[in-house]
Amino acid sequence: MIANTSPQSASPEFSVAIDRSLINVEGGSVRHLVLTVRAPEQPQTDRHRDPLNLGLVIDASGSMAGPPLDAAKSATLALLDRLADDNHLSVVSFASDVITHAQAVRLDQAGRKRVAAAVRPLVTRGNTAMFDGWVGGCEAVARRQAAADATERNHVILLSDGHANEGECRPERLAHHAAELRKRGVLTSTVGIGRSYSPIQLQVIAEAGGGRMHDAEEPNEIAEIMFAELSAALTTTVDSLEFTLRLPRGVTPEIYGTTPLATDAEGCDILAGSVVAGATRRVVVKLAMPPGTIGDTLSVAVSARWKSPSDARDHAADLGPVELRFDTPEACVAQPRCRDLAKLVAEQWQAHIYHRAMQLNQDGDFRMAVEFSRRETRFYNRYCADLPEMQASVSSLHEFSPTMMFGYDAVSAKEVMLRSYKTSRGETDHRSFQRHTVEEYVRDEANRQRRQ
Amino acid sequence: MSGVETESEIFTIQELSDATGVEPRTIRSYVEKGLIPGPDSLGRGAKYPRESLDRLKVLQLLRDANRGLTLDQIRLLLKRLGPSELRGLADGRLRIAALLDAAQPTSDTPSRSAAVDYLRTLRAEVPARLSTTPHHNYAWQDSLPVLEEAARALARLSGLTSASRGVRGEPWYRLPLTPDIELSVRGNFAPEELAQLHRIGDALRLLLTKGPRA
């Protein structure tokens, strides 16, 4: 089903689909709702694009000394040449303290020189007060936002190579503040630098903050990642996309992937975030069904809300109801399903298993990680039984489950989580040189564990 | 609505449910989320005020309007309604669409200062933690008066009237003052002299980060 909200203007295209519409009268059915959005192409020329009010927050803790900080500074200086005169740039660094090197400087010729002069002397110092640094960067951007007399894209890019170890560190609180700032028009994207940063802290800020998370393992990747993020910020045509599902009583939702989900008594809100021009974003929602009476129907009402950076307005669309009908167990088993849709579900499901299990593994909850991946793999195997193209992924998951009993090394864990995060969001990995696949990381880890 | 509620203006949760079609568990969740006023007591016989019924009706109308409003946005809309407006909407005398259209700019588009206000509140809530991480702004225009004051103070202390240049071949001694400023002194220093240099460095650091003492 396609619902165009405003055919005369550049609107996102939405589709809502369910893998099977019959549900078991005895209860226990699991169905997958696939919400898809394709962001419209950029409606205006670059000349007329809203200016950017950008905040760069740079980790200057001791571990960034040498090539990482040099690369971050070089990337910032190179960025100055890529931004037009009507953009504003703030630069904040953090370690044990927070320093605002440039506060919403307009990037005309004098402004560029001023920012360059402020960034060049930046040196490393102390611990990782990431939260305070990020708040400092948001403040610089928010002050400009409050003073601006025209619409601008307010965006913060946070670069860090470590775990926040001063100030607020709890992922749920970081997500809360990021979401509140997003609702107030300040978005945040994050860049993890090196091999030992905290993927969870940076991920929750980016997800709840309506931006994207990137990895720049090598210093020479920092510039290309920053440019890619800048390009994404400038070409985003759908911001703060949120789906709302109104669910019948007894229907329980769960998201595949890491997309934030908030439930209430009547349904749930799903934050899909920003989508760049022409890109497609999918969200797969797993729905556990209650028992019922043959012939009765359950209706799931779906709506969407988003912001359009081009006109700075909020938009909403009713995407209509999805009907499910109770039937006998035999009829449910016999009903056909769309293979392409099932394959989409399987890809997201696999990414979900990798990500969730690895998160548990990194939290040290090895037993739960094994149990989760084994249980999910069993159901996944059954779901993919008639999908020959997904059999390799089933084998990979079978190999993955036992490795969850021991702690992964930081690089492998980070890569597995990052890949599954990118897969679940349909985002591109902008890093220049090729890494292993998730399957290769798992295999290497299995071999390492066997040797020990 | 009068200040004293009569028996006919208080309701059990089941009566609220019957009047609106909203399930009791959903009503309880609305109370928990602050969307409607809670009962005056606990237990099965708990009574809800008339305002709970009115708010519940308006809340349902807002959800049925299918504008994709989140519960947070509905809470903000309900909060702005006065008693007569609330009653009018609940009774159907006022149109819910008019309320939504009138509220569109404020309910959907936060003001430009909303993020600044949020961050200000955040700083106020956690002053102890954030104040341990000083927030400096090293724009050179800001630092210059402090540096001039420091130079004057040091000149007064030392009786120095003109700067003498160091002698080539002597080593540099470097004292980091702030992340951006370093004091470099050339010469061979005895330990006592070095201790004094450190004291000067400490004083300069204080002047640069805190400003001159009032």
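What follows is a conversation about a predicted model, in which terms are set against their definitions.

Modeller: This is a predicted model, in which local features need pLDDT of at least 70 and side-chain atom pairs count only at pLDDT 80 or more, while totals for chains, interfaces and linings use all residues. Residues are numbered from 1 along each chain as its sequence is written, and chains are lettered from A and ligands numbered from 1 in the order in which they are written.

Colleague: How many helices and strands does chain A have, and what makes a stretch count as one?

Modeller: Chain A has 12 helices and 17 strands, where a helix is a DSSP run of H or I with at least four residues, a strand is a run of E with at least two, and both are numbered from the N terminus.

Colleague: Why is A:A304 called buried?

Modeller: A residue is buried if 20 or more other C-beta atoms, placed from the backbone, lie within 10 Å of its own, exposed if 12 or fewer do, and partly exposed in between. A:A304, which lies in strand β16 (residues 297-308) of chain A, has 24 C-beta neighbours inside 10 Å and therefore counts as buried. The C-alpha atom of A:A304 is 10.0 Å from that of A:A272, a residue 32 positions away along the chain. Over chain A as a whole, buried residues make up 50% of the 452 residues.

Colleague: What makes strand β6 of chain A mostly covered, and which residues point which way?

Modeller: In strand β6 (residues 88-94), 7 of the 7 residues are buried. A:H88, A:S90, A:V92 and A:F94 point one way, A:L89, A:V91 and A:S93 point the other way, and all of them are buried. Strand β5 (residues 52-59) of chain A runs parallel to β6(A) and is joined to it by 7 bridges, with A:L54 opposite A:L89.

Colleague: What makes β3 and β13 of chain A edge strands?

Modeller: They belong to an open sheet of 6 strands in the order β3-β17-β16-β11-β14-β13, with mixed pairing, and β3 (22-24) and β13 (261-264) each pair on one side only. Inside that sheet, β11 (residues 236-246) and β14 (residues 267-276) run antiparallel and are joined by 8 bridges, one bridge partner of A:V238 in β14(A) being A:V275.

Colleague: Why is helix α1 of chain A called oblique to helix α6 of chain A?

Modeller: Two packed helices are described by the angle between their axes and the distance between the axes. The axes are lines fitted to C-alpha atoms over the stretch in contact, and angles run from 0 to 180 degrees between N-to-C directions. For α1 (residues 67-82) and α6 (residues 222-235) of chain A, the axes come within 9 Å and cross at roughly 40°. Angles under 35 degrees count as roughly parallel, over 145 as roughly antiparallel, 65 to 115 as roughly perpendicular and the rest as oblique, and that makes α1(A) oblique to α6(A). The crossing is right-handed, a word used if the near helix is turned clockwise from the far one by less than a right angle, with left-handed used if it is anticlockwise.

Colleague: Which residues of α1(A) and α6(A) meet?

Modeller: Among them are A:A71, A:A75 and A:L79 in α1(A), and A:I222, A:M226 and A:L230 in α6(A); residues are in contact if their C-beta atoms, placed from the backbone, lie within 7 Å.

Colleague: Why is α9(A) called roughly antiparallel to α10(A)?

Modeller: The axes of α9 (residues 366-383) and α10 (residues 391-403) of chain A come within 9 Å and cross at roughly 160°, which makes α9(A) roughly antiparallel to α10(A). α9(A) passes α10(A) in a left-handed crossing, and the residues that meet include A:V370 and A:Y380 in α9(A) and A:V394 and A:F400 in α10(A).

Methods
Two residues are in contact if their C-beta atoms, placed from the backbone, lie within 7 Å. Two strands pair if DSSP finds at least two bridges between them.
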